[in-house]
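Trainee: I would like to learn how to read a model like this one, feature by feature. Where do we begin?

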Amino acid sequence: MDEEKGGLTFGDICRIIWSQKWLALALLIAITIAGTFGLKYGYGAGKAEYVSTFSINISISEDGMLEYPDNTRRNYRDLISIENLTAIKTDNEDFSSVNVEVMRKRGDIKITQNRGEKDVTYTVRVKAEYFASVDIASEFIKEIACTPSREIYKWAQGLAADAGISFNQKLGNEQKLAYLKSQLTDIDRRFKSLGGISDADKQKVSNLLLTATALAGELHTAYYEPSAAALEDYKSLIKGLESERELAQSVLDNLKNLNLNGGEGSENGSNTILVNGADIIKYAEQVASLTQQINNYQAYIDKNPEGTVESAASKAFTVKLEKLLADVQSLTAIEECNYYKNTSLISYEGAPLVTEGEIGFVKAGILSLVVGLIVAALVAYIVGFIVLGRKKSTTNSDKPADDKAASNNVSVEAATDTNSEEIK
């Protein structure tokens, strides 16, 4: 009676659990295995993220925009736009299973710009569930980081081809030469701002600029006469130049009248000068330049009014001009390489790719084992307690029958004793 009133002791609880040891062991093994794989590939897979922090060798404006060498500005968030992610997927068969549409729709890929005192870095986070392996994820994020350099390279790659197309679209040698000089000036500026350009290449630009200047001196001599194919183009060019000169002359005349009249709204012809003299000089020079060009082209036509075959001197000049074009295209190719080299430098902050939120096998196993122990012990105790209760119930149900039999025996014995005494 004392033990029942005192309740179960710790030893009693352990004995109850031990009585169901095989059940507890089976539950422990099942929960540990199921929990380990469930945490690793179920819960853990949904939480795991691949993270990469890197810097890109490209100019950044004060407002955080990416500044490209073709003078365009783009938001760094465009690196993970659906258009860019789709292009990356399309260009590499290894990414065919990456569902970029769902990734973007759910917001499972993010990019942040981290502005420090001296440098700017970018951090890309993307859910691991979209990739079949770490290597594929690493390559995918690398392609995101390489987006600016890839776009710049495509732009630079077209410079040489564009130079030839633009050159051929110019109507006359004067325009062609002016175009080549502008290209050389632009390349010279870029070479000075880029790293990795050799002194020899920089000197080559200077030499070609001198060559272009020398050709400009030859341009208006007998070295060029129009061919039959160029004759009509020069006539059209003269009409365009005459329209430009007419407009420039009109502006110049208005500026001069403003100075003579003291400006609109002045009273009594005030001596106030409202127009800067530099503007008058500018338009006067423009009118003179256009007039000179018209005269030069007209002289070409006058020398060859029938558009006969191009002269030997003209052919020689054309050869020099085309040689200059080839040299400009060669320099542009050098420029391509250096643009690509300078903009493809991606520096990683630590490892190229790290995994966050993932649950490893060891951690998942330990957590599952702990949970398994608790659940197995609890279930074993409940089952053992029920079994013990049933045993006690069976035992108690047998007790009254024994007590009744014993009572009957006592009554019989008592009755026997009484009868014996009466007989005496």
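Trainee: Let us take sheets. In what order do the 3 strands of the open sheet stand, and is the pairing parallel or antiparallel?

Mentor: The general idea comes before the case. Strands of a sheet pair through backbone hydrogen bonds, either parallel or antiparallel. This is a predicted model. In its open sheet, the order is β2-β3-β4 and the pairing is antiparallel.

Trainee: Which strands stand at the edges?

Mentor: β2 (59-60) and β4 (73-74) do. Each has a single partner strand, so one side of each lacks a neighbour in the sheet.

Trainee: How many bridges join β2 to β3?

Mentor: There are 2, and β3 covers residues 66-67. Ile-60 stands opposite Leu-66 in β3.

Trainee: What are the totals of helices and strands for the chain?

Mentor: The protein chain has 13 helices and 8 strands. Its 424 residues are 33% buried. The accessible surface is about 25500 Å², with 55% of that belonging to carbon and sulfur atoms.

Trainee: And the contacts: what share joins residues at least 24 apart in sequence?

Mentor: 77%, among contacts between residues at least 6 apart in sequence.

Trainee: Now β1. How do I read the two faces of a strand?

Mentor: In a regular strand the side chains alternate between the two faces of the sheet. In β1, Glu-49, Val-51, Thr-53 and Ser-55 point one way. Tyr-50, Ser-52, Phe-54 and Ile-56 point the other way.

Trainee: Are the residues of β1 buried or exposed?

Mentor: Buried, 8 of the 8 in residues 49-56, so β1 is largely enclosed by the rest of the structure.

Trainee: Which strand pairs with β1 over 6 bridges?

Mentor: Strand β6 (residues 120-127), in the antiparallel sense. Tyr-50 stands opposite Val-126 there. β1 is also joined to strand β7 (residues 346-348) by 3 bridges, again antiparallel. On that side, Ile-56 has Ile-346 as its bridge partner.

Trainee: What joins β5 to β6?

Mentor: A hairpin, through 4 residues. Strand β5 (residues 109-115) pairs with β6 over 7 bridges, in the antiparallel sense. Gln-113 has Tyr-122 in β6 as its bridge partner.

Trainee: On to helices. How do I read the side chains along one?

Mentor: An α-helix has 3.6 residues a turn, so residues three or four places apart point the same way. Now look at the buried positions of α11. They are Ile-280, Val-287, Leu-290, Gln-293, Ile-294, Asn-296, Tyr-297, Tyr-300 and Ile-301.

Trainee: What span should α11 have at 1.5 Å a residue?

Mentor: For its 27 residues (277-303), 39 Å. The end C-alpha atoms are 39 Å apart, which agrees.

Trainee: Last, the rings. How many aromatic pairs are there?

Mentor: Ring centres must lie within 6.5 Å to pair. By that rule there are 7 aromatic pairs. One of them is Tyr-153 with Tyr-340: tilted, 4.6 Å centre to centre, with 55° between the planes.

Trainee: Which parts does the pair of Tyr-153 and Tyr-340 tie together?

Mentor: Tyr-153 lies in helix α7 (residues 147-169) and Tyr-340 in helix α12 (residues 312-343), so the pair ties together parts 187 residues apart in sequence. Tyr-153 is partly exposed at 28% relative accessibility. Tyr-340 is partly exposed too, at 39%.

Trainee: Which residues form the aromatic cluster?

Mentor: Tyr-50, Phe-95, Phe-131 and Phe-140 form one cluster.

Trainee: Over which ring does the charged end of Arg-74 sit?

Mentor: Over the ring of Tyr-68, 4.3 Å from its centre.

Key
Residues numbered from 1 in each chain as written. Predicted model: local features only at pLDDT ≥ 70, side-chain atom pairs only at ≥ 80, totals over all residues. Heavy atoms only, no water. Phe/Tyr/Trp six-rings, centres within 6.5 Å; stacked < 30°, edge-to-face > 60°. Buried < 20%, exposed > 50% of the residue type's maximum accessible area, 1.4 Å probe, protein only. Lys NZ or Arg CZ within 6 Å of the ring centre and 35° of its normal. Contact = heavy atoms within 4.5 Å. Areas by Shrake-Rupley, 256 points an atom, 1.4 Å probe, with all protein chains shown as cover. Pairing = 2+ DSSP bridges. Expected span 1.5 Å × (residues − 1).
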